[in-house]
Amino acid sequence: MTKKNIIPPPPSDQTWVLSSLEPDQLVKAKKHPIPRRHLKGPELLILWTLRLYLLFMMAVVGYQVWIAAR
Amino acid sequence: MKFTATQTEAEVVITHEDVDRAHDRVRVSDARARRGFSSNARLLWLLAGPGVLVMLGENDGPSMLSYAATGARFGIGFFLPFVVVTFGMAIVVQEMTVRLGAATHRGHAELIFERFGPFWGWFSMIDLGIGNFLTLITEFIAIRAGLGFFGVPAWAAVLIAFVVLYAALMSHRYWTWERITLAAALFNLIFIPVALMTHPNWHSVGHAFATWKPLPGFNKDTLLILLADIGATVTPWMLFFQQSATVDKGMTTKDIRFGRIDTVLGAALASAAAVATIIATAPLFAHQMTTGNYEAAEFAQALEPIIGHFGASLFALGMVEAGIVAAITISTSSAYAFGEVARKPHSLNLPVGEGKSFYAVLTLCAVVAAAIVLIPGLPLVYVVLIVNVVAVLAMPPALVFLYMLVNDKEIMGDLVSPPWANILSGGVVLTLTAAGILFGISIIAPNIFAALGGK
């Protein structure tokens, strides 16, 4: 561990840091999760459709690689 | 190690990451306090970075290979303006990540997990993880092949890539890392002098941009190149990287205008390099040389009779640069996403002691990908072929998450996307999905593809 890690800046520096950053830019502020959003029916439908699309297309890519490898 | 400080009544924990970020913000505030052209130029210098890096980072090994294959297969024509349009799509998409990062100060993976829950969060992480890992392998293939042109053995090529990667990381400062990586990324423009060495027919170039002609035939090859060229400009890792880098850089809503300029500047530089690569390899088409299985160094070898050893060397060096810069940005994108999801410290401002998991993931991604490239006899060419296609296929789900987040008034406030931006991003989603479906049809139902006019 470096010296930089174990020596806290003086209180004047702490004030300076707090005034330079927006409150939610502080590392501590980011530890509070943003509230969960409830997904509506149409949104879930789109997400599931695209998920199935992706799975199907990955299988197609796998098939193409298999054909090319043969 | 953290320490506590008291500000008014609330206890506030300040980390070294906060202190480093505050240093960067003070310089921005000082520049903003001044007036005139020099102030704006200074602000652009301070705030540019994530956009240029993400765009030039996406001009990576497989992307440059796709552009090279495009020039060699189709010459100067439809694909020149098409590639520029794909960068337009990239601007539309990446601008949203700037707004999201500046408004929420959260990374992309973090926001998806917190807003939509771990079920959807893990899906997007798996997409990102697989895509990033495959792409990272191709970056080391490009590095190995490019340095192979100069007779450098594979193990030494990989070692050189690691030295550059760690030279950037060892500063433990986002700002320094960004400047070192930016300097390396600007070497992507090396493809421009290579293009000039081929003495291109500027009349044909102008005609191609004005008319989008000559058009390529509509067949499986064209579709694969089309998809690869789209995948060379818009991929999921770009969303995660630019948003996380915007947050790590400490950008706020006041900086969004410069974030947009940064993104457009990056797209302009990257599209210039992409167009130059197509023009550089166009003589291979004009000379009717076969390009069936070209890899990075083989393009340089094929170009040597036309542009000489020096020109071919520049081309090979360009491939090395493309691979190294992308290896840095993509492994960083994976490390950011892991840290955000695992709620571990994730910043390039972290000393090693505080960011063990961040640096460990970053290193592990690069080491495993490099090790795979060193295994003799592996059919690496298949990975190169499919990686851009996989990127295109994975984009629609990633873009829908982005679309939902950037239109979420609770987290974005007044910065939600305006209707015109939603129409553009919706158009990008539909274009990518249609391209993917057409590709699927061409593989599993060639008869239907032929009925649609394909061969």
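Biologist: I'm new to this one. Which residues of α9(B) are buried?

Modeller: Keep in mind that we're looking at a predicted model. In α9(B), the buried residues are Y174(B), W175(B), W177(B), E178(B), T181(B), A184(B) and A185(B).

Biologist: What should the 12 residues of helix α9 of chain B span?

Modeller: At 1.5 Å a residue, α9(B), residues 174-185, should span 16 Å, and its end C-alpha atoms are 16 Å apart, which agrees.

Biologist: On to packing. How do I read a pair of helices?

Modeller: Two packed helices are described by the angle between their axes and the distance between the axes. Take α4 (residues 61-74) and α14 (residues 256-286) of chain B: their axes come within 6 Å and cross at roughly 40°. The two helices are therefore oblique to each other, and the crossing of α4(B) and α14(B) is right-handed.

Biologist: Which residues make the contact?

Modeller: From α4(B) they include M64(B), Y67(B) and A68(B), and from α14(B) they include A274(B), T277(B) and I278(B). The residues of this contact divide into 12 nonpolar, four polar and one charged.

Biologist: How many residues does the contact take from chain A and from chain B?

Modeller: Chain A puts in 43 residues and chain B 47. On the chain A side, α1 (3-6), α2 (11-20) and α3 (41-69) each supply at least two residues. The helix that gives the most to that side is α3(A), with 16 residues. By type, the residues of the side of chain A that touches chain B are 27 nonpolar, seven polar and nine charged.

Biologist: Can we finish with a single residue? Why does P397(B) count as buried?

Modeller: The way to read burial is to count neighbours. P397(B) counts as buried because it has 23 C-beta neighbours inside 10 Å, where 20 or more is the cut-off. P397(B) is found in helix α17 (residues 380-406) of chain B.

Biologist: What is P397(B) in contact with, leaving aside its neighbours within four places in sequence?

Modeller: Its contacts are L50(A), R51(A), L54(A) and D127(B). As for F299(B), P397(B) is 98 residues from it in sequence and 34 Å from it in space, C-alpha to C-alpha.

How values were computed:
Residues are numbered from 1 along each chain as its sequence is written. Chains are lettered from A and ligands numbered from 1 in the order in which they are written. This is a predicted model: local features need pLDDT of at least 70, side-chain atom pairs count only at pLDDT 80 or more; totals for chains, interfaces and linings use all residues. Helices (H or I, at least four residues) and strands (E, at least two) are DSSP runs, numbered from the N terminus. The expected span of a helix is 1.5 Å times one less than its number of residues. A residue is buried if 20 or more other C-beta atoms lie within 10 Å of its own, exposed if 12 or fewer, and partly exposed in between; C-beta atoms are placed from the backbone. Two residues are in contact if their C-beta atoms, placed from the backbone, lie within 7 Å. Ala, Val, Leu, Ile, Met, Phe, Trp, Tyr, Cys and Pro count as nonpolar, Asp, Glu, Lys and Arg as charged, and the others, Gly among them, as polar. Axes are lines fitted to C-alpha atoms, for helices over the stretch in contact, and angles run from 0 to 180 degrees between N-to-C directions. Angles under 35 degrees count as roughly parallel, over 145 as roughly antiparallel, 65 to 115 as roughly perpendicular and the rest as oblique. A crossing is left-handed if the near helix is turned anticlockwise from the far one by less than a right angle, and right-handed if clockwise.
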